[in-house]
Amino acid sequence: MTALVGHSGSGKSTLLNLIPRIYDADSGEITIDNQKIKSLNLHSLRKEISIVDQNTTLFDDTIFNNIKYAKPDANNDEILSAAKISMCTDFIEKLDDKFQTVIGENGVKLSGGEKQRLSIARALLKNSKIILLDEATSSLDSETEEKIQKAIEELTKNKTTIVIAHRLSTILNSERIYVIDKGSVESSGKHDELIKNSSLYKNFYERQIKNN
Ligand SMILES: Nc1ncnc2c1ncn2[C@@H]1O[C@H](COP(=O)(O)OP(=O)(O)OP(=O)(O)O)[C@@H](O)[C@H]1O
Ligand SMILES: [Mg+2]
């Protein structure tokens with residue numbers, strides 16, 4: 001688990017988007033297992049990557065089909081299991097038509113936390129080796145927060161995860177933290193090292209992470 005932290009507009013999402021080649025880098029090279037991503041075809045690259053955030057693209061279709069989208073040949077059990085592990089079942093059971101509920105254009109009938117859990121359900125179903133995670137900045141109630149945390153733990157087990165981190169627990173669980181500032185890496189290391197060596201990180205930690 002690698003974490004990216006930095007102020008709004010510093011370039012964290014841009015950096016993450018370079019990996020599935022939503023944009024290509026103007027210079028430098030990104031490699032996965034020594035393979036240049038520019039030499040892979042988009043389909044085989046993206047097959048190995050799941051993006052988890054609150055802005056996941058949802059269709060005006062049923063919850064069931066929205067999860068299934070991540071793996072069109074998935075069977076019922078696989079979909080129910082992904083919904084359960086991602087803690088989606090809790091909110092799905094409360095809907096009138098359960099899994100057959102139509103969620104509206106881009107999931108307008110769902111909250112941010114619910115959309116994020118659907119995004120986790122999709123990623124679980126896809127079971128890719130790389131997880132790109134954008135933690136929510138919007139505050140969720142502590143119960144939802146805890147559910148999402150658990151779902152993310154399940155999802156990222158034995159996976160390569162790069163996370164735009166806003167929570168202290170995520171940061172402490174990361175092998176390495178990169179502090180992003182004005183489009184560059186300002187410093188990197190573990191939490192304790194950065195507190196000592198990076199005034200930018202220390203400042204960021206005190207203002208934005210400590211109380212989260
Ligand atoms: N598609 C785009 N085209 C041009 N500029 C962009 C585009 N997307 C973002 N930017 C700009 O690039 C900079 C970095 O944006 P980015 O979204 O990577 O920041 P961020 O670190 O993810 O911020 P936040 O914490 O608010 O999500 C910002 O100045 C932003 O305005
Ligand atoms: Mg961002």
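How many bridges pair strand S5 with S6, and in which sense do the two strands run, parallel or antiparallel? Strand S5 (residues 130–134) and S6 pair in the parallel sense over 5 bridges. Strands count as paired if DSSP finds at least two bridges between them, and the elements themselves are DSSP runs numbered from the N terminus, with helices (H or I) of at least four residues and strands (E) of at least two. The model is a predicted one, in which local features need pLDDT of at least 70 and side-chain atom pairs count only at pLDDT 80 or more, while totals for chains, interfaces and linings use all residues. Residues are numbered from 1 along each chain as its sequence is written, chains are lettered from A and ligands numbered from 1 in the order in which they are written, and side-chain values use heavy atoms, with hydrogens and water left out.

Empty space inside the model comes next. Rolling a probe the size of a water molecule over the atoms shows where such space is left. On a 1 Å grid over the protein atoms alone, a cavity is a set of points where a 1.4 Å probe fits but cannot get out, and its lining residues have an atom within 4 Å of a point. Grid points are joined across faces, edges and corners, and a volume is the space filled by probe spheres set on the points. The structure holds 2 cavities of 30 Å³ or more.

The largest cavity has a volume of about 80 Å³. Among the residues that line it are Leu18, Arg21, Tyr23, Glu29 and Lys36. Its lining comprises 5 nonpolar, 1 polar and 5 charged residues, where Ala, Val, Leu, Ile, Met, Phe, Trp, Tyr, Cys and Pro count as nonpolar, Asp, Glu, Lys and Arg as charged, and the others, Gly among them, as polar. The second largest cavity, of about 30 Å³, is lined by Val5, Gly6, His7, Val179, Ile180, Leu200 and Phe204. Strand S7 (176–181) and helix H10 (199–209) each supply at least two residues of this lining, which divides into 5 nonpolar, 2 polar and no charged residues.

Glu29 and Lys36, both in the lining of the largest cavity, also meet in a salt bridge (4.0 Å, N to O). A salt bridge is a side-chain nitrogen of Lys or Arg within 4 Å of a carboxyl oxygen of Asp or Glu, and by this rule there are 8. Glu29 is partly exposed at 47% relative accessibility, and Lys36 is partly exposed at 45%; buried means under 20% relative accessible area, exposed over 50%, and partly exposed in between (1.4 Å probe, protein chains only). Another salt bridge connects Asp90 with Lys147, the closest N and O atoms being 3.1 Å apart. This pair links distant parts of the chain, with Asp90 in helix H5 and Lys147 in helix H7 (residues 142–156), 57 residues apart. Asp90 is partly exposed at 32%, whereas Lys147 counts as buried at 19%.

The model also contains 2 aromatic pairs. Rings of Phe, Tyr and Trp (its six-membered ring) pair if their centres lie within 6.5 Å, and planes under 30 degrees apart count as stacked, over 60 as edge-to-face and the rest as tilted. Phe59 and Tyr69 form an edge-to-face pair, 4.9 Å centre to centre with 65° between the planes. Phe64 and Phe99 are likewise edge-to-face, at 6.5 Å and 80°. Phe64 lies in helix H3 and Phe99 in the loop between helix H5 (89–92) and helix H6 (112–126), so the pair ties together parts that are 35 residues apart in sequence. Both Phe64 and Phe99 are buried.

Finally, a look at the backbone. Most residues other than glycine have a negative phi. Lys98, in the loop between H5 and H6, has a positive phi near 45°. Asn158, in the loop between H7 and S6, has a positive phi of about 55° and is exposed at 82% relative accessible area.

Methods:
1 Å grid on protein atoms, 1.4 Å probe; cavity = no way out; pocket = protein on both sides within 12 Å on 5 of 7 lines; lining within 4 Å.
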